[in-house]
Amino acid sequence: MIELFTADTPNGKKITIMLEEIGCDFKVTKIDLLKDEQFKTDFKKISPFGKIPVITDHDNEQSLFESGAILIYLAEKYNKFYEQKYRNVINQWLMAQMGTIGPMLGQHHQFHHYNPGRSEFAEERFFKIAKRLYSELNERLAKSEYLAGPDYTIADIATWPWIARHEWHDIGLKNYKNLTRWYLKIAAREAVIKGYDFLKNESQIPRP
Ligand SMILES: N[C@@H](CCC(=O)N[C@@H](CS)C(=O)NCC(=O)O)C(=O)O
């Protein structure tokens, strides 16, 4: 059984979606970020930077932090969404999510959604970067069904929950035809619908 320590954020949803996709038995332990539960001593033993998500695999009592590492671990353990033939390309797009898409959209959330008016420079900078990312993803998806090729992979599972925050981004997802096609196709997957609403409060995937 996998225990997932998480909160209702894009990085957290990557893992609930993956666990639903592979159909394994899992339990969610909620970490309240607003109450700083991520900085409690016991949690920091398994998450040294005080971040969610983290898993503990109770088959072997191994804990893992960093969503990309968790996705790779689960993909290898259950032999899903990480085909050997495309592994380098999957790694490339997964790392692009971890190193660029997540951090840049995360900053855009900070300055455009949570703290507008606090820093004109940062607001403009991350808005511009976020728009460019939408265009670049749109270009990639003009040439490829999914991010890493013809199949749905952990690179898509890592990226999709960030695009699911498109209303916060204020960029107009529907103007990016290929990105919208990819977004809606993934949004229709049963595991994605369940993983998105892992708190079971009937939260609906935002439509473009
Ligand atoms: N690179 C990390 C980022 C994790 C991350 O930033 N988690 C956020 C929530 S989405 C968090 O735990 N924030 C709490 C804090 O920074 O205090 C991953 O992908 O797992």
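Here are legends for a few close-up views of this predicted model.

View 1. The ligand sits in the largest pocket. (A pocket is an open set of points on a 1 Å grid over the protein atoms alone, where a 1.4 Å probe fits, with protein on both sides within 12 Å along at least five of seven lines; a molecule sits there if more than half of its atoms lie within 2 Å of the grid points.) Around the ligand you'll find, among others, Thr9, Leu33, Phe39, Glu66 and Met98, each with a heavy atom within 4 Å of it. The shell splits into 5 nonpolar, 4 polar and 3 charged residues.

View 2. A side-chain N or O atom of Lys51 is 2.6 Å from a ligand oxygen. For Gln38, a polar side-chain atom lies 2.8 Å from an oxygen of the ligand, while Ile52 uses a polar backbone atom, 2.9 Å from a ligand oxygen. On its own the ligand has 520 Å² of accessible area, and the protein covers 76% of that (Shrake-Rupley method, 1.4 Å probe).

**View 3. Helix α6, residues 154–163.** Here 10 of the 10 residues are buried, so the helix is largely enclosed by the rest of the structure. Buried means under 20% relative accessible area (1.4 Å probe, protein chains only). Trp160 and Trp162 are among them.

**View 4. Gly106 in helix α4.** Gly106 belongs to α4, residues 87–114, and is buried at 17% relative accessible area. Gly106 and His169 are 63 residues apart in sequence and 10.0 Å apart in space, C-alpha to C-alpha.

**Notes.** Residues are numbered from 1 along each chain as its sequence is written, and side-chain values use heavy atoms, leaving out hydrogens and water. Local features need pLDDT of at least 70 and side-chain atom pairs 80 or more, while totals for chains, interfaces and linings use all residues.

Notes: Polar contact = N/O pair within 3.5 Å; in protein donor to acceptor, adjacent residues only side chain to side chain. 1 Å grid on protein atoms, 1.4 Å probe; cavity = no way out; pocket = protein on both sides within 12 Å on 5 of 7 lines; lining within 4 Å. Nonpolar A, V, L, I, M, F, W, Y, C, P; charged D, E, K, R; others polar. Buried < 20%, exposed > 50% of the residue type's maximum accessible area, 1.4 Å probe, protein only. Helix = DSSP H or I, 4+ residues; strand = E, 2+ residues; numbered from the N terminus.
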